[in-house]
Amino acid sequence: MVLSEIEFEPDDRYHAFLTICRKAPCGDGKLAGIAVAVKDNISTKGIETTCASKILKGYVPPYDAHVVELLRQSGAAISGKTNMDEFGMGTTTENSAFGPTLNPADTSRVPGGSSGGSAAAVAAGMVRMALGTDTGGSIRCPAAFCGIVGLKPTYGRVSRFGLIAYSNSLEQIGPMANTVSDVSLLMQVIAGHDRRDTTSYNQPYRHTPDADIRGLKVGIPQEYFGAGVDPTVAELVKHAIFRLEELGATSVPCSIPSMEYALAAYYVTCTSEASSNLARFDGVRYGPAADTKKSWHDAYRDVRKTNFGTEVRRRIMLGTFALSSGYYGKYYAKAQVAKENVKKDFARILADVDVIAGPTMPTIAFTLGEKSDPLSMYLADILTVPANLAGIPAISVPCGKADGMPVGLQIMGNHFCDERVIDVAYAYEQAVVS
Amino acid sequence: MTGTPVIVGLEVHCQLDTQSKLFCGCSTDYRNDGPNTHVCPVCLGLPGSMPVLNKKAIWYAMRVAKALSCDVIHESEFSRKNYFYPDLDKAYQITQYDKPLAQGGYLEIDGDEGGIRRVRLTRIHVEEDPGRLVHMGNAERGKYSLVDYNRAGIPLIEIVSEPDMRSPKEARKFLNKLRATLEYLGVFDSEKEGSLRVDANISIAGSERVEVKNITSYKGVEKALTFEITRQKNLLRRGLKVERETRHFLEARGITQSARSKEQEHDYRYFPEPDLRPLHVQPWVAGITLPELPDARRERFMAQYGCSMNHARTLTGELRIANFYETVVAPDPKGLSAPAATWIADTLIGELNYRGISLDAVDAERFTALVRLIKDGTITDKSGVEVLRVMLDQRMKNEQDETPSRIVARLNLARTAGDAHALAAVITEVIAQNSKAVEDYRNGKNGALNFLVGQAMKKTRGRSDPGELNRMITGMLSTRGA
Ligand SMILES: [Zn+2]
């Protein structure tokens, strides 16, 4: 392996990065010499990894996440760590403890979240590709808002080892890039089994996108075009589906009744898991140190109160409540039932159709500060969380602009049919480009 | 403990003797190394690390389940037990909650009232050990505590019994039997410090149940429960109520102390560990072959070596002792099995306990030699004990250790019996010097004979056989008297 270094001196006017690696080593391989940005919740040996939280300020992991090892082995240069909502908790990247990222398409608007930094870095042309993570839409939302391509792979297709957990049962690391081909290329590098993540599957990705979608059956769920979805956005997405039909696909209407409970199931599950995952941040082993002169519980309380942001504290409280004795059955256990129902609905539909299509987000990117009450922000995740609950692959590919802002077409497929989802996105992209 | 029945149930945590930890590859052999030297991102709970299950630990736990006739359940899973404590790096312990590895089963012990007491088991599950706090100064007033994560992630098996024991003694027997069983299965080493922890539930029939936590020794269980029974009976006698509570056992003081109420309010917020898949290991059960277990070995010792019930029970009560016995008698089972049983069960174990050392300090070959010296009459029983003590002391002081015959020669302990002349001279001397006792003897006071034998033993420094001395003195006195 030939080792060299690339100089990375970007003009980070959108605040996409939390850490910039100005001299990044790279080598030979599939991604030789390509600068890849990595979301700041993915562990990078020797590079500060904060999850955009004060509680991890100064934390330099002693090990690489599995995907980062794979990036390095394939010759990529880790060019920096990107901004995000603190611990992935948000849909705008405004919840970063280190300030928001701006949308390169319109700096008065958010880039989406939580992988907003990765999306902005790609959209602004600072890097060719980036890694994001997607718990309830955190790759697809910013991809849609910034006008790039982002894939949430099938749950288990990419190792989570080294990903600082927010909601283990829902999240996946995935590729983000300007083109479907680059998303596919990055997927070739990061997918596959890792013995350190026992929820990962031995399903490597060796695919090259194929634009031939003749005979493809596309399910169009009515819930994806109902109340709350901006009509202009809905129009653009319907038009995109029409383009797919022109390419030889047929569309079939369908329904996902379990969608009614999807958002509730999602928020109960992710806050519950988060309340447990984030309990380890106590100032004893890393991050800002706890005051050792105090009793341990006072010191823990102070460190956590001072260094977690408002939204993180809110979700920890929600999750702690949902798991507490007497409420577990009412919330967490019920959420798991609802999750199973979503899974079943998708299985039923995907037995008849190859993919399901709809908008990625119900609206275009919000203006900064627009989603000030948490509930309206949670509602914006309604079209992305079902894929996480079902564990299926979902991609967002740009399908035009509304009010000058990018809109994303979302394509979801069956478990381990990431290749199919990528083909459909590729076919659409090629048809629009040519 | 007579009167109102006492009801005891135990929760026993044992470290499984695997090479690596439960969820990472770190070595479990940490006891002689510095703090935080057997750690990695996983057992330190570093952000982003994930557990990978050590199948060996599950296999070990399943051997236990099979040996105790438990049902390994079709699908078990790991859960998180959430609580904050500085020794708990992730602020949750990965354990098993509502889907444990195995349920049911039993362990049989000798009941206090004779017969066999069958103690039913509730469940068996596997979990990780937390780290360890080292308090600088005492726990209440120490200036600070240090935390060592070497122990974090060591696999534990938790065995929960039904409240089927009726006394502290039965609880102790249960523990001893359990320890023996685990050791016979090759999954546990009771001699490793801190490898066992016990929580005991105890109530006096009709009263509330008290949980005593923090018991770390076999003796401690009996002590803690005895203390609790006295405490609870005293309360009842004074017309007070026993409160349902958790108490800590303070081993050094031999008492239990109420845990702060805060600790009792813990809500552990259990939920399934999302980073591990459910276990489907039931099919493994068929592939497990069990070794000879303590009860079977006890029966065999009685049949094969002619051991008494009591000796057989003692000899098979610990794996090390049983193996040691068989090694010692192997060169000549016919000749050695009886004296070796007596010498190990009645003498050696006591000497080891007195010194607080392990059987590992005794070389089986040399012990065989010692038993032979006693058996063939080269030395007396009394000298045998002396030789054994020298052997153990040399081991303890790390001195050059000598063979038993070398010790016998150096200390001039060889039995004087062969030299009848010398012995006769000694007896003549004793008779001459103790005319009062001689007269008493002639007047029919039997105690006087014992006195004379004792005097003769003293003069031969224990090298002569009391029986022989007895015969010779009686003989001489009757001759002279005639
Ligand atoms: Zn480790």
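1. Helix α4 of chain A, residues 180-190, is mostly covered, with 10 of its 11 residues buried. This description, like those that follow, concerns a predicted model. The buried residues of α4(A) are A:Val180, A:Asp182, A:Val183, A:Ser184, A:Leu185, A:Leu186, A:Met187, A:Gln188, A:Val189 and A:Ile190.

2. Several elements of chain A contribute to this cover. The helices among them include α1 (66-73) and α12 (418-433), and the strands include β6 (129-134), β7 (149-152), β8 and β12 (394-402). After α4(A) comes A:Gly192, which has a positive phi near 125°.

3. Strand β8 of chain A, one of the elements covering α4(A), spans residues 172-177 and contains A:Gln172. With a relative accessibility of 1%, A:Gln172 counts as buried. A polar atom of its side chain lies 3.3 Å from the backbone nitrogen of A:Val158.

4. The surroundings of A:Gln172 may also be noted. Beyond its neighbours within four places in sequence, A:Gln172 is in contact with residues including A:Gly132, A:Thr133 and A:Asp134. Its contacts also include A:Lys152, A:Pro153, A:Thr154, A:Tyr155, A:Gly156 and A:Arg157, as well as A:Ile139 and A:Arg160.

5. A further point concerns a pair of helices in chain A. The axes of α6 (residues 259-277) and α8 (residues 310-323) come within 7 Å and cross at roughly 100°. The two helices, α6(A) and α8(A), are therefore roughly perpendicular to each other. On the side of α6(A), the contact is made by A:Tyr267, A:Val268, A:Thr271, A:Ser272 and A:Ser275. On the side of α8(A), A:Arg315, A:Ile316, A:Leu318, A:Gly319, A:Thr320, A:Ala322 and A:Leu323 take part. By class, the contact of α6(A) with α8(A) has 6 nonpolar, 5 polar and 1 charged residues.

6. Although A:Thr93 is not a glycine, its phi is positive, at about 70°. A:Thr93 counts as buried, at 0% relative accessibility.

7. A positive phi is also present at A:Cys51, where the value is about 55° although this residue is not a glycine. A:Cys51 is placed in the loop between β4 (35-39) and α1 of chain A. At 1% relative accessibility, A:Cys51 counts as buried.

Key. Residues are numbered from 1 along each chain as its sequence is written. Chains are lettered from A and ligands numbered from 1 in the order in which they are written. This is a predicted model: local features need pLDDT of at least 70, side-chain atom pairs count only at pLDDT 80 or more; totals for chains, interfaces and linings use all residues. Side-chain values use heavy atoms; hydrogens and water are left out. Helices (H or I, at least four residues) and strands (E, at least two) are DSSP runs, numbered from the N terminus. Buried means under 20% relative accessible area, exposed over 50%, partly exposed in between (1.4 Å probe, protein chains only). A polar contact is a pair of N or O atoms within 3.5 Å; within protein, one must be able to donate a hydrogen and the other to accept it, and residues adjacent in sequence count only if both atoms are side-chain atoms. Contact means heavy atoms within 4.5 Å. Axes are lines fitted to C-alpha atoms, for helices over the stretch in contact, and angles run from 0 to 180 degrees between N-to-C directions. Angles under 35 degrees count as roughly parallel, over 145 as roughly antiparallel, 65 to 115 as roughly perpendicular and the rest as oblique. Ala, Val, Leu, Ile, Met, Phe, Trp, Tyr, Cys and Pro count as nonpolar, Asp, Glu, Lys and Arg as charged, and the others, Gly among them, as polar.
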